[in-house]
Each structure stands twice: as structure tokens, then as C-alpha cells.
Amino acid sequence: MNQKQYTRRLIIDNDGGDSQCGGGSYEEFCSVRMKDYIGLGATTLFYTTRSSGFSVFTHRTKYGTIFTSNMPHFKNVNAVSQMIAQGEDTLSYSLRFCREHGLEFFWQMRMNDTHDSTGADYCTYSYYSNSFKIAHPECLLGKHDQAMKHGMGSAVNYAHPLVRKMACLFIEEVCQNYDIDGIQLDFFRHPVIFPHPSEGLHASEEEIGVLTEMMRQIRAIVDREGERRGRKILLSARVPDSVEYALFLGMDIQNWLASGLLDILTTGSYLQLNNFAYAAELGHKYGVPVYPSLDEVRIQDDEAKARRNARDAVLGRIESALDDGCDGVLLFNYFGIHRNDDFGEAERETVRIAADDARRKKADKTFIASVLGRGAVAGGAPPHDAYMNIPSLSPRTPIAVENSASVIIRLPELGEQEKARLHLWFADDTSGSVRLNGAELGKFSGRQTVLEISPSALCHGDNTVLIAAEHAVLTDAAITFTR
């Protein structure tokens, strides 16, 4: 295992919605989202200049399309034209903000975002503002208004050499024109980028090979431009937290790491396939820091979603990631921090606590058997069940208890805690008994039960909850720690 010291980061993702800022001044731009990052304790901003689709941006570009349209769902005026008239854009403004407030800055490129094909009102506007897709339909996986077996038809096909060439040009242009600290390649928004996976088939050797070659070209670009300016440009990628599933999609991430193509690894999305330790060990094996992406919870059950989005559960996820060896976390689509109300302030305070080791250690925490359940890939992707190595318990993926059944709840090293409790939720009234790590914990009845736990009964790592009942359906399980 590589023993080098890695940089601790708390990364915030911003998908670029600040372009809707009225008159286009720097002050108006910062008032949309940037102001909310002040004092949070975040170290790094990943900034996307337009979420969809490939080749459309809100920064100045001679290779892509500059997005200046006003779409029906926009609440405010798209001010990109006004910014450009002043010699500025969303990328220069966000970079300026980060320099003023001591934040590391990465330009983030969504490698194949297909929000232009979801069926929402804005899709037509997004697609028809994309000059590359209009001019090169042969570069798409299908038709822009067509769902593939997996993924969307508006996705560009990275097997086509023009797509790879354009991706490299976009990245080179940003490296040459903006004093960024790094590039983040988001392959998980959305991950179907080749014909074979769109049909549910494993990516071909040729598909895997051409993507790795593109990564080599991108690495050469950022190294050359970093040397030209006298300061390294870091290269990061967001990919599945599974070597095997990533390879199925065409991403040979182990090869990328072994070949020195990445400086940073970010893993996961609305889907988590392994414990955080898996990604940490993978990255550290090759001397690369790892930051799991803690995306919003999309479980379709209001109560289950609420307890997963609560502060103590968010802090539990972060504590678990750090305990498993990760070097920080990426908060993706954590839009609550931008709300101008009590909820928004509560979300910002959660991030402040997360950034402060002493406060986070003392804070109440919840550890849920499965935060994301079976998970899903935004934009669609081939089935991932065969690659999932962690519990998937949730109201949509319950566990049937016929005499007995067990579930694992993974815990970090927490030190002394005042109170620990096991919480169980069932589909219907039921009764039975519970053992924790082989020891009798107690009996229960009803649809929800709470059992006190002696801290000595818990262990660092996997804790096995064994439920004995004649007929029951377990829908959720968690362990909480309070002071």
C-alpha cells in the first residue's frame, strides 16, 4: 500500500446555473451561488460551464457552442452574452471568485450529459442550441429524442474519432485561456458513451482502447500546458467505484491509474457499488488521492429519503468515507446550500461541521445500512446488480425475513459516544428478536423499533444485525449515535 500523504479536500460541485444572473456583472453572478461558498470550509470548487450537452458551454470558445439562449424554465435572464460583451464569462467569474476566497478551482467537463434528451421542456432548446450535434448526427449514439436500450440517443459516441478530437480541443482551449488548477472529467453524467454498453453489452476492446488513448492525449495536453505556464494542471475523473463495472462501460480506470493518467480519482454517483475503502485502496495503490462523490439521495420514499438527507446521516457518510481511507469527499448537487431560507442555512451549517474535524467528530451521526439502496444511474446505464458488493436495503429493495435474515451496518472508528441505538423499520406490524454481532440485543414489535446498544457491542467495520421473525419484511436499518 502506498504510504504517501494526500491532500485533504472538501469539494463542492457547481453545475453552472449561475449564468442566470440578470445583468451579467461579477456581483450579480456571485449572488446566485458563489456567495454561499464563503465560510463553508470547502477547499475546492468543481465548476461546470453548462450541464448539457457535449460541446455547449457558457465560457468563450471557438470550438464549441456558447450557450446564450433563454429557455422557458429559466427564472432569470441568461446573462452570458452580457458577460462576454465585458470580456468575461462564467468561467472567468467563478475562477476570480475562487482566487479571492482561497478555493482551489477545477473546470469540470461533463463528458456526455444528456439532459437534452430527457423529455423535459428544456430538452428541445438544449438540443437545438448544440451546433455540433446538429451538424454531426453521425456522432450520436442514436436520435436526440430517442431512448436507447441503455442511455439516451443524444449521447455522443466516443468510438467516433471526431468526438474524441473535439473533447481534446475543448480541454486544451480551457487550459490555454484560463488559469485553472485542474480539469475534472465527469464520466458519470452520463456514463453510456459507447454503442456496446448502450445495447447492454460489455464495451469492446476497441472501445476501451480508444478511450484510454484519448485519456493519454488529454494527459499530454494538461502536462504541456502546465509546463508552458510553469504550474501543474491536475487531472481528475469521476467514474464508477468498481473497476469491473467501469470497464463494462469502456473506462479502463485501473489502466489509467497505473499509467499515471490521473492525479485525482472521484468515484460514485447516485450509485455506490462498494464500500468507500475499495476506491481508497485502488487510488492509493497508484499514489492517487480519492474523493467519493456523495450525491443527493433519490430513494422514492419520502421518510427514507428524509432520514438519509438529514444532517446526522450526511455527516455519517462523510465520516465513513474518511475512516475508510478516502482523502475527503465531493458534494455533488448539494443544492440546499444555495437556498435563501432557514433550510439553506441549515444545509450550509452541515457543510461547516463536515469541514471541521473537531466539530464533526463530536456531532450526532447516523449510519444507514444502505444510503442509496440499489441505486440508479442518471441518464440510464446497463444493469449493475452483478457488480454490487454492499447492502442494498431500502423500502424499494426490502429484505424478506422468513425465520431469520441479516443485514450489515458498517461503522467507522468513533471513539466514545454517549448513546447508541439500533433502528429497524418494517413494512407491517411484526414481532421478533434481534442479535447484534452474535449477542442477544432484545425483542421488538411494531412497524418501527428502537433498541439501545452498549458501545462495547459494536465493532469498527461491519456490524451484523440478525433478525428472527416468522414473517416480516425489513425495509430499513440504521445505527445512530447521539451525545
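**Close-up views of a predicted model**

A search of the whole structure turns up 37 salt bridges, where a salt bridge is a side-chain nitrogen of Lys or Arg within 4 Å of a carboxyl oxygen of Asp or Glu. This is a predicted model, so local features need pLDDT of at least 70 and side-chain atom pairs count only at pLDDT 80 or more, while totals for chains, interfaces and linings use all residues. Residues are numbered from 1 along each chain as its sequence is written, and side-chain values use heavy atoms, with hydrogens and water left out.

View A. 8 strands close into a barrel with parallel pairing, in the order S1-S2-S5-S6-S7-S8-S9-S10. Strands are DSSP runs of E, at least two residues; helices are runs of H or I, at least four; both are numbered from the N terminus. Two strands pair if DSSP finds at least two bridges between them. From one strand to the next, the twist averages 25 degrees, with axes fitted as lines to C-alpha atoms and angles running from 0 to 180 degrees between N-to-C directions. Zoom in on S5 (residues 104-110) and S6 (residues 182-186): they run parallel, joined by 5 bridges. Here Arg110 stands opposite Asp186 in S6.

**View B. Phe54 and the largest nonpolar core.** A nonpolar core is a set of buried Ala, Val, Leu, Ile, Met, Phe, Trp, Tyr and Cys residues joined through side-chain atoms within 4.5 Å. Buried means under 20% relative accessible area, exposed over 50%, and partly exposed in between (1.4 Å probe, protein chains only). The largest core has 103 residues, and Phe54, Trp107, Tyr158, Ile183, Leu185, Phe187 and Trp256 touch the most other members. Helix H6 (residues 161-177) supplies the largest share, 9 residues. Leaving aside neighbours within four places in sequence, Phe54 has contacts (heavy atoms within 4.5 Å) that include Met109, Phe132, Tyr158, Met166 and Phe170. A second, separate core of 27 residues includes Phe367, Ala405, Val434 and Phe481.

**View C. Helix H3, mostly covered.** Of the 11 residues in H3 (residues 90-100), 8 are buried, among them Leu91, Tyr93, Leu95 and Phe97. The cover over the buried residues includes helix H1 (26-32), strand S2 (44-48), helix H2 (80-85), S5 and H6. At the start of H3, a side-chain oxygen of Asp89 comes to within 2.9 Å of the backbone nitrogen of Leu91. After H3 comes Gly102, with a positive phi near 70 degrees.

View D. Lys232 and Asp263 meet through their side chains (3.6 Å, N to O). Lys232 is in the loop between helix H8 (205-229) and strand S7 (234-239), while Asp263 is in the loop between helix H10 (253-258) and strand S8 (264-267), 31 residues apart. Lys232 is partly exposed at 46%, whereas Asp263 is buried at 17%. The salt bridge of Asp476 and Arg307 spans 2.9 Å, N to O. Asp476 lies in strand S15 (residues 461-482) and Arg307 in helix H12 (residues 302-309), so this pair ties together parts 169 residues apart in sequence. Asp476 is buried at 0% relative accessibility, and Arg307 is buried at 19%. Elsewhere, salt bridges with shared partners join Lys35, Asp36, Glu345, Arg348, Glu349, Arg352 and Arg359 into one network.

Definitions and conventions: A polar contact is a pair of N or O atoms within 3.5 Å; within protein, one must be able to donate a hydrogen and the other to accept it, and residues adjacent in sequence count only if both atoms are side-chain atoms.
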